[in-house]
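Here is a short briefing on a predicted model.

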Amino acid sequence: MKKVINVAFCGNPNVGKTALINAISGAKLKIGNWPGVTVERKEAEFSYKGYTIKLVDLPGIYSLTPFSEEEKIAQNFLLDTPPDVIVNVVDATNLERNLFLTTQLIELNIPTVIALNMWDDFVQKGYSLNIKALERILRVKIVKTVAVRGKGLENLLDAIVEAFEDKITPAFMKFSRFIEIAIERVIEEIRGVLPYPERFSAIKLIEGDKNFRSKIRPFNLNLDLIDHISSRLTEYYRDDIAIIITEQRYGFVNGLLKEVLRKPPIYKKEITDILDSILLNKILGIPVFLFLMYMVFKLTFNLSAPFVEWIDGFFNGFIANCFKYIFYKMALPDWLSSILVDGVLSGVGLVLSFVPIMFLLYFFLAFLEESGYMARAAYVMDELMHKIGLHGKAFIPMVVGFGCNVPGILATRILDNDRDRKLVALLVPFMSCSARLPVYALFATIFFAEKRALVVFSMYIIGILVALIVGNLLKHTLFRHSETIFIMELPAYRIPTFKMLFSSMWLRTISFIKKAGVVITFTMVILWFLLNLPYNTDPGNTYIARASKKISFLFKPAGFGDNWQAVAAAIPGTVAKEIIVAALAQFYSSGKKEEPYESIKNINFWRDLKEELLSLKDAFLKAIGLKNQEESADEIEGGILSKLKSSFDEASAFSYMVFTLLWIPCIATLSAIYKEFGFRLVFLSISLNLISSWVFSVLIYNIITFLN
Amino acid sequence: MYPLTTFGAGSRVRIKRINGGWGIRWRLESMGIIPGVEVEVLNPGPGPVVLKVGNSRIAIGYGQAMKILAEEVK
């Protein structure tokens, strides 16, 4: 029977913890979420020298105090499911701060290994460290690692096994005399009552850690004496005891480092600072940022478009025909074949057609994150964000929202308080997600040809502007606020490795497919019922069409009130925005269901397959620019092209795009909001979007027609 | 002792005192901004103030930075 070693990786953010775990566990890494929250949880399980090693990666934290969700998660994990070994990943070039957390981890009384990561940077800076002395004083094992180059990994694993077998627990730091006396007194009070490490618990209680206090409530401990001790200490030191303890920790670390660390006082201007002088520049900062964002989206759009087209054609043409043929041969009734092909299959095709866009968008966003620029973006945007009562960090969920609103909602977790999270979650749906792109693509290509990239980009900008307006409104009404603290670390710039980028974008794309895919496919089937009943009549006669005709007058001021089809398409659009295009196609088509045999009469499997593969090759060429993207509006939706041209004009097309931009969030987003914040916010979100989509499309339509 | 926001870019200063509630101070201190430590003011604002603390760069909101008092290190 193999022995199992449970290991927890713990450390500051930006120390390379993720890179280290990736390097150690390779393909065995699994990613999920911490239960009930949306912070990422990484785990791996593998064998090493006869042991089974189970790794858990804890979120990056500065301290084991509950300032943020990450810190709560880490504290709870370490107390509720203590590991056999703690691996404290430390940035060797920043020991002063990193060891602060170490002093706290040590109090958990678990065998600890310190991974001195970024060792190559440490050496390059000319620093030197007396590792043996440090090991002796702290009673931990120390391993030098360079995660991104895969160095030191085996040593680390060996150290983990050694720590497990030796079971040597680290040496606590000592505080000043009165504090030590207090700690002993508190330990007496809690001994045998609390199942948690004594010293750690005592210190937390003296500090007044709120998370810890709520954790121990079920034990019904009388805290009067402890509170008394805390206030006595605070009185004595004339400052809050929690602060004193923090300062003493730093005192200890600094004293320790004075003995073991040597740093030559060389002052070289680092690349990071040189870059920052441009990127964080008061004047250049925002334009540079906007430019980068524009490039990201332009590249994403242009590179992915040929593939999106191809996938769409592949599923709704080739594969659909294959299935129709099979069903015909199986003599399946018409309507069943239709549900399966027009409902389920086209749903699947729709979801998959987003993979190229998601892939690229997540690739670029991961690049910005890993390179360190994302933090600068938050900084640059801070002043602007401040105007809507948020701070720069709020910017990140919004940026993520540009890829897909769902992870954007989930990313609001990085904000420190509830009010900020809710407010940002309401604004994320105004960030134009990639699901809205097909609608823009369709209308922009038809009505704005050469200017289409610009028009699409303007949708993103309008979304941001509306978010600012709505945000301001909310700030003064429902979300009157308390001051929020802006503290953020700006990591050093680094060139991301392709491995890390790829794994990040792959995982996120897969999770989108899984989450959204099921919902959308299921919804397509429901939609099929809405759109096709009564069966086999004119599309203008379906229940949904009849309903839309009745209410389309509401949209006259927005310019598309005469098109009941456009209004009707918004209904399925409530469920998933990418469906709007398909819905439009459906409503504008003449509706006569062709005899099934007609469409598959000329099917020739091998010939058609070959054609598909050739056009896939073409897609690659188009993406890299070796073949021109034809003004392929003609290829997109065939017949509805001309119908749309005649039903809209430039102004109403633009206002319809704005309408789709601001319309009710899709079902996946709404379920994310429900999951995080409950039903009230879902209701609020729906109302906000409903109202603003009408208001702004009307506004914009009238402004455009007025200007012409 | 002067607020961090009053120093020029590139100044090396020693943190003397942090005003404000203990929540904010605890937060700042856990990230290394603690009385006694020497830091470099990379960017004194307006807008978020950027400090070099040890080997890390920390950006702090202007309002918070105004509450951190420091002395120039000769």
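**Helix pair in chain A**

Helix H7 (residues 177-190) of chain A packs against helix H10 (residues 224-237) of chain A at an angle of about 175°, with the axes 10 Å apart. Angles over 145 degrees count as roughly antiparallel, so H7(A) is roughly antiparallel to H10(A).

- H7(A) contributes Phe178(A), Ile179(A), Ala182(A), Arg185(A), Val186(A), Glu189(A) and Ile190(A) to the contact.
- H10(A) meets them with Leu225(A), Ile226(A), Ile229(A), Leu233(A), Tyr236(A) and Tyr237(A).
- By class, this contact has 11 nonpolar, 2 charged and no polar residues.

**Sheet with strands from chains A and B**

- An open sheet of 7 strands runs in the order S10(A)-S5(B)-S4(B)-S3(B)-S2(B)-S6(B)-S1(B), and its pairing is antiparallel.
- Strand S10 (487-490) of chain A and strand S1 (2-3) of chain B stand at the edges; each has a single partner strand, so one side of each lacks a neighbour in the sheet.
- Strand S2 (residues 12-18) of chain B pairs with strand S6 (residues 68-72) of chain B over 5 bridges, in the antiparallel sense.
- Val13(B) has Glu72(B) in S6(B) as its bridge partner.
- Helix H1 (residues 22-30) of chain B packs on the sheet. H1 of chain B touches S10 of chain A, along with S2, strand S5 (56-60) and S6 of chain B. The direction of H1 of chain B makes about 145° with that of S2(B).

**Chain A totals**

- Chain A has 33 helices and 10 strands.
- Of its 708 residues, 55% are buried.
- Among contacts in chain A between residues at least 6 apart in sequence, 75% join residues at least 24 apart.
- The accessible surface of chain A is about 31500 Å², and 62% of that belongs to carbon and sulfur atoms.

Definitions and conventions:
Residues are numbered from 1 along each chain as its sequence is written. Chains are lettered from A and ligands numbered from 1 in the order in which they are written. This is a predicted model: local features need pLDDT of at least 70, side-chain atom pairs count only at pLDDT 80 or more; totals for chains, interfaces and linings use all residues. Side-chain values use heavy atoms; hydrogens and water are left out. Two strands pair if DSSP finds at least two bridges between them. Helices (H or I, at least four residues) and strands (E, at least two) are DSSP runs, numbered from the N terminus. Contact means heavy atoms within 4.5 Å. Axes are lines fitted to C-alpha atoms, for helices over the stretch in contact, and angles run from 0 to 180 degrees between N-to-C directions. Buried means under 20% relative accessible area, exposed over 50%, partly exposed in between (1.4 Å probe, protein chains only). Accessible areas come from the Shrake-Rupley method with a 1.4 Å probe; for residues, only the protein chains shown count as cover. Angles under 35 degrees count as roughly parallel, over 145 as roughly antiparallel, 65 to 115 as roughly perpendicular and the rest as oblique. Ala, Val, Leu, Ile, Met, Phe, Trp, Tyr, Cys and Pro count as nonpolar, Asp, Glu, Lys and Arg as charged, and the others, Gly among them, as polar.
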